Amino acid sequence: MNIGLSQHGYAALANSERIFKSSVKKMSNTLTNEAHQRSLKDFLTLYNTISEYCFSRCISTFNERFATQTETSCVDVCTSNYVQYNQMFMFKFVDHQEQRKQNLPNSVIQEGGNET
């Protein structure tokens, strides 16, 4: 099937296709890197928040080099509870978002029907 392209036109088209594929691959890698960086940032933010919260709640004396058994136990319970709460919150958030997505087409259809 000849669409009227010269040999130079075919070469340019092939080159454009290679550039396009390369650009898509770079964009995909960039998005993957951005998602990875965002996940890492979220994890570090959560880690810092938990550390700060549990430290201020559980560590009360600075007279010894190491934390006491009571302080260590408190930090263990605090971090465990915080992580469990965070997981429960995220599961509920995901469920809520899925319900919103399922209800969104219905509300768009209803709003669209009311305009006419």
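**Disulfides and their surroundings**

Analyst: Counted along the chain, the bonded cysteines of the protein chain pair in the pattern 1-4, 2-3. The model is predicted. The count of disulfides comes to two.

User: Why is the pair C54 and C78 called a disulfide?

Analyst: The sulfur atoms of C54 and C78 are 2.0 Å apart. A disulfide requires cysteine sulfur atoms within 2.5 Å, so the pair qualifies. C54 belongs to helix α1 (residues 7-58) and C78 to helix α2, 24 residues apart, and the pair links distant parts of the chain.

User: What makes the disulfide of C54 and C78 left-handed or right-handed?

Analyst: The torsion about the S-S bond of C54 and C78 is about -85 degrees, so this disulfide is left-handed. Both C54 and C78 are buried.

User: How do you know that C58 and C74 form a disulfide?

Analyst: The sulfur atoms of C58 and C74 lie 2.1 Å apart. The limit is 2.5 Å, and therefore C58 and C74 count as a disulfide. The pair links distant parts of the chain, with C58 in helix α1 and C74 in helix α2, 16 residues apart. Its torsion about the S-S bond is about -65 degrees, so the disulfide of C58 and C74 is left-handed.

User: Which class do T79 and S80 belong to, and why?

Analyst: T79 is found in helix α2, and S80 lies in helix α2. T79 has 26% relative accessibility, and S80 has 34%.

User: Where do T79 and S80 stand relative to residues elsewhere along the chain?

Analyst: The C-alpha atom of T79 is separated by 8.9 Å from that of Y53, 26 residues apart along the chain. For S80 and I50, 30 residues apart along the chain, the C-alpha separation is 9.8 Å.

User: What makes the nonpolar surface patch, and how is M88 classed?

Analyst: Y85, M88, F89, M90, F93 and V94 make a nonpolar surface patch of about 590 Å². M88 lies in helix α2 (residues 69-115). M88 has 47% relative accessibility, which is between 20% and 50%, so M88 counts as partly exposed.

User: What is the volume of the largest pocket, and which residues line it?

Analyst: The largest pocket has a volume of about 150 Å³. F55, I59, T61, F62, E64, R65, F66, A67, T68, E71, T72 and V75 line the largest pocket. Helix α2 gives the largest share of this lining, three residues.

User: How many helices and strands does the protein chain have, and what part of the chain is buried?

Analyst: The protein chain has two helices and zero strands. Buried residues are 6% of its 116 residues. The chain exposes about 10600 Å², and carbon and sulfur atoms supply 57% of that.

Definitions and conventions: Residues are numbered from 1 along each chain as its sequence is written. This is a predicted model: local features need pLDDT of at least 70, side-chain atom pairs count only at pLDDT 80 or more; totals for chains, interfaces and linings use all residues. Side-chain values use heavy atoms; hydrogens and water are left out. Patches are made of residues with over 30% relative accessible area and no salt bridge: like charges are joined within 9 Å, nonpolar side chains (Val, Leu, Ile, Met, Phe, Trp, Tyr) within 5 Å. Accessible areas come from the Shrake-Rupley method with a 1.4 Å probe; for residues, only the protein chains shown count as cover. A salt bridge is a side-chain nitrogen of Lys or Arg within 4 Å of a carboxyl oxygen of Asp or Glu. Helices (H or I, at least four residues) and strands (E, at least two) are DSSP runs, numbered from the N terminus. Buried means under 20% relative accessible area, exposed over 50%, partly exposed in between (1.4 Å probe, protein chains only). On a 1 Å grid over the protein atoms alone, a cavity is a set of points where a 1.4 Å probe fits but cannot get out, and a pocket is an open set with protein on both sides within 12 Å along at least five of seven lines; lining residues have an atom within 4 Å of a point. Grid points are joined across faces, edges and corners, and a volume is the space filled by probe spheres set on the points.
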